[in-house]
Structure formats: structure tokens, C-alpha cells
Amino acid sequence: MENESGGALGATPTHCPYCALQCGMTLAPGGEGVKVVERPRFPVNGGALCGKGRTAPAVLSSRVRLTEPVVRSHATGRLVPTTWEEALDRVAEGLARTRAAHGADACGVFGGGGLTNEKAYALGKFARVALGTSQIDYNGRFCMSSAAAAGQRAFGLDRGLPFPLADVARTGCLILVGSNLAETMPPALRHLTELKANGGTLVVVDPRRTRTAEQADLHLAPRPGTDLALALGLLHLVVAEGRVDEAYIEERTRGWAEARAAAMAHWPEYVERITGVPVPQLRDTVRRFCAAEHAMVLTARGPEQQAKGTDTVAAWINLCLATGRPGRPLSGYGCLTGQGNGQGGREHGQKADQLPGYRKLTDPAARAHVAGVWGVTPESLPGPGRSAYELLDALGGDIKALLLMGSNPVVSAPHAAHVEARLRSLDFLAVADVVLSETAALADVVLPVTQWAEETGTVTNLEGRVLLRRRALAPPPGVRSDLALLHGLAERLGHAKGFPEEPEEVFDELRRASAGGPADYSGITYGRLAEGDGEGVFWPCPEGGAGTPRLFLDRFATADGRARFVPVTHRDAAEEPDAEYPVLLTTGRVLAQYQSGAQTRRVDALNAAAPGPFVELHPRLAARLRLADGEPVAVTSRRGRVVVPARVTPGIRADTVFMPFHWPGPGRANTLTHPALDPVSRMPEFKVCAVRLERP
């Protein structure tokens, strides 16, 4: 059978292009091109798929995607079709001209958490070798960076889940912090259902009574921005009630005395005043968590997307360490990574401070190893550059030209109107994407690239499970892969070798570059990933290794094998409510849309389920504003104003409103959000800012 683009089809096992579950699916001939068929033997989702996964082939249609390069006409200022050769020439000339006039660091590169491991690796290499710039980061900085930083401080290693997701169903008590898993990754909800069926307890921490919170045995609804105080209050009670695992602390950790002293300054009544969570609920949570033989804490964007996100996650890790959970079966701390390759994307070199294999760019041994694989000198590799928001903020200033791949910061970045203005101020902008996103529409050159079903490559899901996505059909004739794009640009910039187009060749080089690093992929091959039912291999997996589904069972990844407590204390959000802006805004996702919506907003079925933005508010707040459900309301922060319909619900705190961030234009939630950065992770404060509501 042929699809509309002319590609021959057959039944192909692969994975969903959206979230970090990377649900297994099969693509089979059907309709105009391919249809999704369940893969019940894949362990992460057991065949279950959400609406986004089931409708994913809709974005493969030539009717909704880019099918040829476009460049901005000097005569009209509009984007007009061109050839690939002309487009690549234009991009290479723009980058080379900028580098010659202003230096290598005047060229920026911005990647994405949806890029395959091969693309993320090649993009990092392109920036540092072909361009010689330090100015590279990616949108994953906006997702998991706080949990990653906290995990590295505590355990010496960042892997979202240090155990398979299936372990969640077998634990005794799960505290789920700031995750609406039922809407953001619905197939994972079955693990919570099984947990409760097995007699386990579910505690959900969220200022909203979400679909996930409705499943909980206990729902804690703290004021946004106070998750750190909440975790410290729980640890205080663990100490006060004599529930500390002293033997575990003595054997497997360091730094307890300092962390204990910090927690004891957060007594229950004080924590109740900060968070709004009643003391009896705090005590009930500690009782449930400590009474269980096995227990876990999982965090997501709620506690992480804060200007104190790293310390907040550290406080939850401290709670786990004090009760002897990490490194024990069916127990510990984990982060629910969000983007499709959010885990792999932060391991192989597209971060500002990183080399492949999760190596540090400042480590001389790491620089020497990777330089040897790349055939360059260690001295030629640039040092660390700016983090994602800082890079975007520098556009039009120190950074004059930008190559952007797989990201839409016009919608997804904090203080989005400012970021849009910075993008418009560039001397040159090139964007590689599958659709004409709001960011691509600003570009001087837009390069149409292949999608998940049209290319082979690896991704690493939230468990650290490396998976093989297989090409199922050919792309439209005018579309090329990101690897071919980078090869063409590198060749034009004087690097004819070192940037192969074939993904397996890139992966084999990635294996060598990662060998011996924290995220060691050297024992993983395409052949191995294709074996059996394609269940994947958990990293670290050195040459000859079996993979590592469960980390830290014998030792942590620190120099002495011990986990580290980190002493932390509560502090206010960067912007607290006041008389002018008296309400807290928090943001998040809805079931039928994904991230900036660049792809999902092009799917009719998803738009029917979630047609546009809204603001969720409590009936008491609506009554004060004399506002009825569905009526327009203006939401204003110190950074901008949006107008959206009101959605009145008792399932949110009366001092808080919620907006999803999937839409551009007058309902763009990130027009309002605060760009204050975490001092360690450089995560912006998406989850907390002060606003006022009024009739428009």
C-alpha cells in the first residue's frame, strides 16, 4: 500500500511521538496512510493509548505540515517556497556571516526534548564543532531540570525513574507531587489503579482537585509555591514522631545532621500557615508513608517549575532518605519526565553545560574523551554557555543568529511576549520543524523535517529505557531528516566529515562518546533494541552489560557510594500576591493537547475535545467578580494581559487560578508567567506568579 506521500507501508512496531512514557504502538496500513494498532505486550502501557497517541498519524498528513523549505523574501517580507539547496545555503551563509562579524558565540542553537538521541547528539556536536559556539541549550530546561539537578546532588546521577514504572503498582504508599498524570500521561493511570487494588495508598499533592487527585486516598492542596515548606514539614514530623531510619542513614548517607536541623525549623503549625494544608493531614501523610513497608515519592512539574525547584525536590528526596527508601526494592524517589525524549535529550550534549553520556563540559577527562571520539582537540571545545531562558533573553544582543530545532518558545517560554520580541530582533533565524509553528513563522528560513513515523532513531523514556523507533513510511518528497539537514549545514561550514545522515551510524558514535560516562550506552545496539518485543534496554549499559532497570541497590553514584542529604529551607516565590495582583496563577496541561500545541492543535479530534484556552477559578472568586461560567475574563500580570473564558469549579483553591499553556495569541498563558530562575537548575518559575482578574 502507498500513503499520500508515496511511501510503502507495512505493520511496524514503534512508539508514540508525544510524552515520556513512549507508549508502544504498531503502525499498520489504513485510511489515507497509516493507522495505530495497540501493542499489548509492551510493558509501559500494555496496549493502552490516549487520544493524542491514537490520533498521532493525523499530523503526518501533507495538509497540516510543511512539505517544502521556505525562505523570507527580501522583496515582500513573506515566506516563499524554495529548494533545499537554496535554503541550506541561506542558513549556512547567515551563520557564517554572523560568526565572522561577531565571533562564534554570536551564533546560538536551541534544541528540543522531542528530538531523538541521535539528533540531540548531532546537534550538540554541530554547535561545538561546526560552529564553535558555547551558546546551545534546549527546551527540556523548562521541564525536568530541577529534578535532574536535585537528583545529581543527592544520588550522583539523574535518571527520571530509578526503577521500572511497573514498580509503582507494587509499592505500599505513593506520594505524587504536582502531577496530573491522569491527563498528562493517561496510560500510566493503570499503575495507580493497580496500586490501590493491591492495597496501597495514594497521596496526591496539587492545588487543584484534578482527575488524578480524585483517585487519591488523601489529597493535599497546598498554596502554589509552597511545596518546599510542605516537604520540610513532613520531614519535621518524621523526626518528631521517631520514624527516622537511623540504620539506613548511618550506612548509606551523608549530611543528615544539617538537613535535620533545617527541617526542625518547619514545625507543623508554621507549615500549615504557609501551605494551607491542615496539620491533621500532614500527620496522616507521615503515618501512611512511614507505615508502609515500601514507599515512593514521585515529583513532576508542579514542584519543579519554580525558582526554588531544585531545593524543593531536594526536600522530597530528604524525606525519602530519612525514611530509608532510595535503593530499596519498590521504594525511593523518582521524577516523571515529561517530553517524549526528555530523558535522552538531556544526556547527550544539547544542554549548555554537558557532553554526551551525561558528562560535564568542565571536566578535563570528559572533554578529552569526547574530543577523541570527535577527532578534535579538547582545547577547541567551547565551555558552558547560557541556559535556555538566558539564551533566549540574549537574542538580538550578544546572540545575533539562531538555529532552532523542534521547539516553539513563542508559546512555551515564560514571559513569552518578551521572548517573541527577542526572536524578532535577531539578524537571522532558521527553524527546523514539522509544522509552521508560531516560532517558525518568524524565521528567515524554515526547513521541513521528518516526523517520528518517517525516520528510525532511539529515544529514552522516563524509566531510562532506551527504545528503537522504526521508520514506517516515507516522508513527502520535499522533506528531509534533521540529520541530513545538519550534514548539509556542516558540509557548507567546512566540515565535510563527522556528521553522518544515517541514524544507526550516529548512534554507534554516540555509544563510543558515552562509554564510561554516567549515561553509558556503549553496550546498546540497534540490533539489541530490535530483539524480541522491543522492550528496550535500561541505561547505564556498558559494553557487554545487561542494562540496569533498578539503580542504587548496592551503592549510589557518588564517589563514596553514599547519598547526600541537602539542607534546604522554605523561601517565598519570586512574586507573591499583593493588593494590585492579589491572586496566584499556576499553569499546566489538559488531556487533549500537548506542550505548545504546535502538533495537537492541527488534529480535529483533539481540538474538538479541547478547543481553546480558559482560566479555572473557584466559585467564591467568580462571585466576587460577578462572573459566570463561560464569560470572558481578563487575567493580568506585571508582564502582560490575556482574555479567556472563565471555567468555574470548586476543584481549585479560592486564592488560585489555573491556565493551560497550549495556545498562542490572546489566550497565551505564558504571556503572564514569571522568568525568575532557579539558581541551580536555571528553571523558570512557570508555576507561580501574581495576577489580577477583571471583566474585559
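**Loops, cores and pockets of a predicted model**

Trainee: What is the phi of Gln595 near?

Mentor: Most residues other than glycine have a negative phi. Gln595 is placed in the loop between strand 23 (583-588) and helix 21 (604-609). Gln595 is a residue other than glycine, yet its phi is positive, with a value near 45°.

Trainee: Does Gln595 count as buried or exposed?

Mentor: A residue is called buried when its relative accessible area is under 20%. Gln595 has 17% relative accessibility and therefore counts as buried.

Trainee: How many disulfides does a search of the whole structure find?

Mentor: A disulfide requires two cysteine sulfur atoms within 2.5 Å. For Cys50, the closest cysteine sulfur belongs to Cys16 and is 5.9 Å away, which is too far for a bond. Cys320 is in no disulfide either, as the nearest cysteine sulfur, that of Cys173, is 10 Å away. The number found in the whole structure is zero.

Trainee: At what relative accessibility does Cys320 count as buried?

Mentor: Cys50, with 14% relative accessibility, counts as buried. Cys320 counts as buried as well, and its relative accessibility is 0%.

Trainee: Which residues touch the most other members of the largest nonpolar core?

Mentor: In soluble globular proteins, nonpolar side chains tend to be buried together. Leaving aside neighbours within four places in sequence, Phe126 is in contact with several residues, including Leu95, Leu403, Leu486 and Phe499. Another core, of 27 residues, lies apart from the largest one, and Phe142 and Leu677 are among its members. In the largest nonpolar core, of 169 residues, those touching the most other members are Phe126 and Trp316.

Trainee: Which element supplies the largest share of the lining of the largest pocket?

Mentor: The largest pocket has a volume of about 640 Å³. Its lining has 30 residues, and among those nearest its centre are Gln152, Asp353 and Tyr358. At least two lining residues come from each of helix 4 (145-155) and strand 15 (359-360). The largest share, five residues, is supplied by helix 4.

Trainee: How many charged residues are in the lining of the second largest pocket?

Mentor: The second largest pocket holds about 360 Å³ of space. Of its 21 lining residues, Glu183, Arg208, Arg211, Glu616 and Arg647 lie nearest its centre. By class, the lining divides into nine nonpolar, four polar and, as the number requested, eight charged.

Trainee: What distance separates the C-alpha atoms of Val643 and Pro666?

Mentor: Val643 lies in strand 26 (residues 640-648) and is partly exposed, with a relative accessible area of 33%. Not counting residues up to four places away in sequence, Val643 touches Pro632, Val633, Ala634, Pro666, Gly667 and Pro696. Val643 and Pro666 are 23 residues apart along the chain, and their C-alpha atoms are separated by 6.1 Å.

How values were computed:
Residues are numbered from 1 along each chain as its sequence is written. This is a predicted model: local features need pLDDT of at least 70, side-chain atom pairs count only at pLDDT 80 or more; totals for chains, interfaces and linings use all residues. Side-chain values use heavy atoms; hydrogens and water are left out. Buried means under 20% relative accessible area, exposed over 50%, partly exposed in between (1.4 Å probe, protein chains only). On a 1 Å grid over the protein atoms alone, a cavity is a set of points where a 1.4 Å probe fits but cannot get out, and a pocket is an open set with protein on both sides within 12 Å along at least five of seven lines; lining residues have an atom within 4 Å of a point. Grid points are joined across faces, edges and corners, and a volume is the space filled by probe spheres set on the points. Helices (H or I, at least four residues) and strands (E, at least two) are DSSP runs, numbered from the N terminus. Ala, Val, Leu, Ile, Met, Phe, Trp, Tyr, Cys and Pro count as nonpolar, Asp, Glu, Lys and Arg as charged, and the others, Gly among them, as polar. A nonpolar core is a set of buried Ala, Val, Leu, Ile, Met, Phe, Trp, Tyr and Cys residues joined through side-chain atoms within 4.5 Å. Contact means heavy atoms within 4.5 Å.
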